[in-house]
Amino acid sequence: MRDGEPFFLLASRKAIERLRGARMLMELDSAPSMSRLRQLRSTEPDSWVKAALDRAISKWESAGNPSYEESWISIPALELEDIKAEAIQSVTQVILHEIKPLIADIHGAAKNAIGTEYTGSIISRRIERLKDLLVTIRRLNEASTPPDWMEFDLVDLVVEVISDSGFTRNQAVASRVDTVSAKGDRGLIRLALENALRNAVEASENTKKTVIVNCGANELQAWISVLDEGIGLPDARENLYEPGVTKKSKDAHFGWGLTIAKRAIKSLDGSINLISRESGGTSCEIRWPLPTPSEGKYEDSPG
């Protein structure tokens, strides 16, 4: 591969295309212009693209001079996150591409073989479960994409997620009705909030307490806080964000909600934290830094 296409993509206004170009630099047949690479790195506003450019610069600087020191295994955290995100996107895309048509074939064959008794049968329930798993994998794929920055009303997003999730006012309410202007990838933040809210409502099923969703923003960061008075956090919390970890029935839950939420917020350089409340229940705090005008992330705004 030659360096024409990667550098063409790196000139794009969209971060997702610049990221693709930066990752392609790793696959070149020969070293690109290092001065051009460093110049792009010095002006790049997106942290994920920066990490990918750092990886490319590191690779081509050491090309022909391989290091056998132990330091080569020490990867900066941001570069490691970029590698993880790329791996998740790649693997989940293959799974979705290969498994989805297979499930469709199985569904059709089972329906034809069983006939009118298919609906409600244990086979149909198992196939629907497989479809639900694919939806979860697709969400994990979406959560690993680079952010598409835009300005939006955070309160409007909170109200929209509560409504679209089908929760009643007894289950979840927004604490604010005014406008809170925030910046970020609305889709990724929605993905994280959907999972945090669903966990909070399900944790409150026994107490029947209403989940409160608060939010705010200042010049440096934006945040959403999901407050419940449910069953609280388990004693063992080390693996809460690992896929498949759940206290609920695996017949109805895959345990990937927090994994997806964390990955989505990581894409914004943000964080998600679960904190036990003194009054009982849990506070799920989602925070992400806001770009300054000089960082130029608005260039990625749609339109």
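C284 counts as buried in this predicted model, at 5% relative accessibility, and C215 is buried too, with a relative accessible area of 2%. A disulfide is a covalent bond between the sulfur atoms of two cysteines. The count of disulfides in the model comes to 0, while the count of salt bridges comes to 12.

**Overall fold and surface**

- The protein chain is built with 9 helices and 7 strands, and buried residues make up 41% of its 303 residues.
- Among the contacts in the protein chain with a separation of 6 or more, 71% are accounted for by residues 24 or more positions apart.
- The accessible surface of the protein chain comes to about 16700 Å², and carbon and sulfur atoms contribute 52% of that area.
- On this surface, V91, I95, I99 and L102 form a nonpolar patch, which has about 310 Å² of accessible area when the four residues are taken together; one of them, V91, lies in helix α5, which covers residues 77-114.

**Helix α4**

- Helix α4, which covers residues 47-62, has 16 residues and reaches 22 Å from its first C-alpha to its last, close to the 22 Å expected at 1.5 Å a residue.

- The side chains of K131 and E128 meet in a salt bridge, with a distance of 3.4 Å from N to O.
- Both K131 and E128 lie in helix α6, which covers residues 122-143, and they are 3 residues apart, about one turn of the helix.
- An α-helix has 3.6 residues a turn, so residues three or four places apart point the same way.
- K131 is partly exposed, with a relative accessible area of 29%, and E128 is also partly exposed, with a relative accessible area of 38%.

**Salt bridges around R190**

- The side chain of R190 meets that of D164 in a salt bridge, at 3.0 Å from N to O. Because R190 lies in helix α8 (residues 186-203) and D164 lies in helix α7 (residues 154-164), the pair ties together parts that are 26 residues apart in sequence.
- R190 also meets E194 in a salt bridge between their side chains, at 2.8 Å from N to O. Being 4 residues apart in helix α8, R190 and E194 are separated by about one helical turn.
- Salt bridges that share partners join D156, E160, D164, R186, R190 and E194 into one network.

**Loop residues with a positive phi**

- Most residues other than glycine have a negative phi.
- K208 has a positive phi of about 65° although it is not a glycine, and this residue lies in the loop between α8 and β4, the latter covering 211-217. With a relative accessible area of 67%, K208 is exposed.
- D269, which is not a glycine either, has a positive phi of about 65°, and its place is in the loop between α9 (257-266) and β6 (271-276). At 34% relative accessibility, D269 counts as partly exposed.

**T282 and its contacts**

- T282 lies in strand β7, which covers residues 282-289, and T282 is buried, with a relative accessible area of 8%.
- Leaving aside its neighbours within four places in sequence, T282 is in contact with V226, L227, D228, G232 and L233, and also with L274, I275 and R277.

Conventions. Residues numbered from 1 in each chain as written. Predicted model: local features only at pLDDT ≥ 70, side-chain atom pairs only at ≥ 80, totals over all residues. Heavy atoms only, no water. Helix = DSSP H or I, 4+ residues; strand = E, 2+ residues; numbered from the N terminus. Buried < 20%, exposed > 50% of the residue type's maximum accessible area, 1.4 Å probe, protein only. Contact = heavy atoms within 4.5 Å. Areas by Shrake-Rupley, 256 points an atom, 1.4 Å probe, with all protein chains shown as cover. Patch = residues over 30% accessible without salt bridge, like charges linked within 9 Å, V, L, I, M, F, W, Y side chains within 5 Å. Disulfide = S-S within 2.5 Å. Expected span 1.5 Å × (residues − 1).
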